[in-house]
Amino acid sequence: MRKTELKELYKMMFPDYPDIVTVAQLQQMLGVSRHLAYDLINNGYISGVKIGNAFKIPKVNVINYIMEEGVKNAS
């Protein structure tokens, strides 16, 4: 994905969420369970950083995950 495409998607997708989201916000964004949200992070599908006992996930990583899954499902 080109940088300009990513910038446009970033503006359009999830505008009400901060640049860094929590696992609870990730759940809401994707409409998934807490267990699946942690599985996506722990298995490397969505990159996050553990700070203390909480994960912080850059919103851009969530958008990348969605776009990659869309390409896989279209194939």
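User: What do the numbering and the values rest on?
Analyst: Residues count from 1 along each chain as its sequence is written, and side-chain values use heavy atoms, without hydrogens and water. In this predicted model local features need pLDDT of at least 70 and side-chain atom pairs count only at pLDDT 80 or more, while totals for chains, interfaces and linings use all residues.

User: Why is Asp16 called exposed?
Analyst: Exposed means over 50% relative accessible area, buried under 20%, and partly exposed in between (1.4 Å probe, protein chains only). Asp16 has 74% relative accessibility, so Asp16 counts as exposed. Asp16 sits in the loop between helix H1 (3-12) and strand E1 (20-21); helices (H or I, at least four residues) and strands (E, at least two) are DSSP runs, numbered from the N terminus.

User: How do you know that the buried residues of H3 are on the same side?
Analyst: In helix H3 (residues 34-42), Ala37, Leu40 and Ile41 are the buried residues. Their arc around the axis is only 95°, which puts them on the same side of H3. That arc is taken from the directions from the helix axis to the C-beta atoms. His35 and Asn42 are exposed on the other side of H3.

User: Why are E1 and E2 placed at the edges?
Analyst: The open sheet of 3 strands has the order E1-E3-E2. E1 and strand E2 (49-51) each have a single partner strand, so one side of each lacks a neighbour in the sheet.

Methods:
Two strands pair if DSSP finds at least two bridges between them.
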